[in-house]
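What follows is a walk through one protein structure, from its open spaces to its helices and loops. Please keep the sequence and the model in view while reading.

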Amino acid sequence: MKHQSKLPNIGTTIFSVMSALANEHSAINLSQGFPNYPSPQKLNDLVAKAMDNGYNQYAPMAGNLDLRLAITNKYNLLYKSNYHPETEITVTAGATQAIYTIISAFVKQGDEVIIFKPAYDCYQPAIEVNGGKTIPIQLSAPGYKVNWDEVASKLSSKTKMMIINTPHNPSGTIWSEDDMLQLEKLTKNTNIIVLSDEVYEHIVFDGEQHHSICKFPELKSRSFITASFGKTFHNTGWKIGYCCAPKDLMAEFRKVHQFNVFSVNHPAQKGIADYMTDTNTYLGLNDFFQQKRDLFLNLISDSRFKFTPSKGTYFQVLDYSEITDEHDVDFAKRLTKEFKIASIPLSVFNENGTDDKVLRFCFAKTNETLVKASEILKRI
């Protein structure tokens, strides 16, 4: 007998494909979004200390309480918004698990979920494996601005959820306060749940602000926030994230969470909680990553690539339309094989594979790596 999963047409993600190609050809890997410098030594030491102090058995299902208190304090400090540590915060095995569990908890057969493309590639499969229907709204390069009239036209009685992402991966753009107000207006007096993917909340540039969904009371009342410590503390391999939501929504989330994960790495949770007692551990990230963005862009300023400086995340989109008319997937693969530098083509995140002739490069790398990468890009 031959059996198919509920996602028979899904292949290997572009991140795995490009990273494998980078390894095969000994290329500088600016494709997958992970740092090539170490996790902070103080944080590593605190996790080791937690192990030595006995935090080696199951954490509470909702997460270590010290960590949930640290998250509560962070939202009070940054956004003047309160999430109760006992009933409104759950620690997860990375933000992707949180996103999948939110969708699984609420999306039923035939429900519609609006997403904005280019979209991170875990959204649509999670919707479809749960029987939902993805309603895509394509954003256009280079600005990737939301057309709110189009969003309004896509709402229906079947709309169960809307997934937003700011700062936005892969484009490096951010949503404005007006965007959030438009979203608040459209979803008011509906039963639509908003899933706000805010994993890059601490990486915003040029004096701009991150407009978290929790700053808007009407939106907060219907929304989940997903976040990632891996993005914040340079250790994506730890896979520690969390989500926040009002008590009634979180109660439904935990019904699913307890049976597909239950709890996540306990000593890492305790170490992160202790590390976060110093708020500078996350408040200084904007400057840290802006220095890397600026270095990278200054180094390639006389290359043939065109760009609008990233407003957030640790990704920079580069337009190669003046270099070649190759499809972005083909060009990305050729750069990896011939020039020894790996990137991510954005068409794979777009509706119908729309090709805007742009590639995404990760600048969460050592300065030495960025210098070497820039030397390659200037030769293309």
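Which strand gives the most to the lining of the second largest pocket? Strand E9 (residues 315-319) does, with 4 residues. Helices (H or I, at least four residues) and strands (E, at least two) are DSSP runs numbered from the N terminus. The model is predicted, so local features need pLDDT of at least 70 and side-chain atom pairs count only at pLDDT 80 or more, while totals for chains, interfaces and linings use all residues. Residues are numbered from 1 along each chain as its sequence is written, and side-chain values use heavy atoms, with hydrogens and water left out.

The spaces are found on a 1 Å grid over the protein atoms alone. A pocket is an open set of points with protein on both sides within 12 Å along at least five of seven lines, a cavity is a set of points where a 1.4 Å probe fits but cannot get out, and lining residues have an atom within 4 Å of a point. Grid points are joined across faces, edges and corners, and a volume is the space filled by probe spheres set on the points.

The second largest pocket has a volume of about 440 Å³. Its lining consists of 26 residues, and Pro-142, Gly-143, Tyr-144, Thr-173 and Thr-308 lie nearest its centre. By class, this lining holds 10 nonpolar, 10 polar and 6 charged residues. Here Ala, Val, Leu, Ile, Met, Phe, Trp, Tyr, Cys and Pro count as nonpolar, Asp, Glu, Lys and Arg as charged, and the others, Gly among them, as polar.

At least two lining residues come from each of helix H1 (14-24), helix H4 (94-106), strand E3 (112-117), helix H5 (123-129), strand E4 (133-138) and helix H9 (229-233). The lining of the largest pocket has 20 nonpolar, 18 polar and 8 charged residues.

Over the whole structure, 3 cavities of 30 Å³ or more are found, and the largest cavity holds about 80 Å³. Among its 13 lining residues, Phe-116, Pro-118, Ile-164, Asn-165 and His-168 lie nearest the centre. Strand E5 (residues 159-165) supplies the largest share of this lining, 3 residues. The lining of the largest cavity divides into 9 nonpolar, 4 polar and no charged residues.

The peptide bond from Lys-117 to Pro-118 is cis, with omega near 10°, and Pro-118 sits in the loop between E3 and H5. Another cis bond runs from Asn-169 to Pro-170, with omega near 25°; Pro-170 is in the loop between E5 and helix H7 (177-187).

Lys-117 and Pro-118 are also partners of Asn-350. Leaving aside neighbours within four places in sequence, Asn-350 is in contact (heavy atoms within 4.5 Å) with Lys-117, Pro-118, Gln-138 and Asp-356. Asn-350 has 6% relative accessibility and therefore counts as buried, where buried means under 20% relative accessible area, exposed over 50% and partly exposed in between (1.4 Å probe, protein chains only). Asn-350 lies in the loop between E11 and E12.

Lys-357 is placed in the loop between strand E11 (344-345) and E12. Lys-357 is not a glycine, yet its phi is positive, near 60°. His-234, also not a glycine, has a positive phi of about 65°. His-234 belongs to the loop between H9 and strand E8 (241-244) and counts as buried because its relative accessibility is 13%.

Two helices remain. Helix H13 (residues 285-299) has 15 residues, which at 1.5 Å a residue should span 21 Å, and its end C-alpha atoms are 21 Å apart, in agreement. The expected span is 1.5 Å times one less than the number of residues. The buried residues of H13 are Leu-285, Phe-289, Gln-290, Lys-292, Arg-293, Phe-296 and Leu-297. Seen down the axis of H13, these residues fall within an arc of 160°, so they line one face of the helix. The arc is that of the directions from the helix axis to the C-beta atoms. On the other side of H13, Asp-287, Gln-291 and Asn-298 are exposed. The cover over the buried residues of H13 includes H9, helix H12 (280-283), E9, strand E12 (358-362) and helix H15 (367-377).

In H15, the buried residues are Thr-369, Leu-370, Ala-373, Ser-374, Ile-376 and Leu-377. They cover an arc of only 155° around the axis, which puts them on the same side of H15. Among the elements that cover them are H13, E9 and E12.
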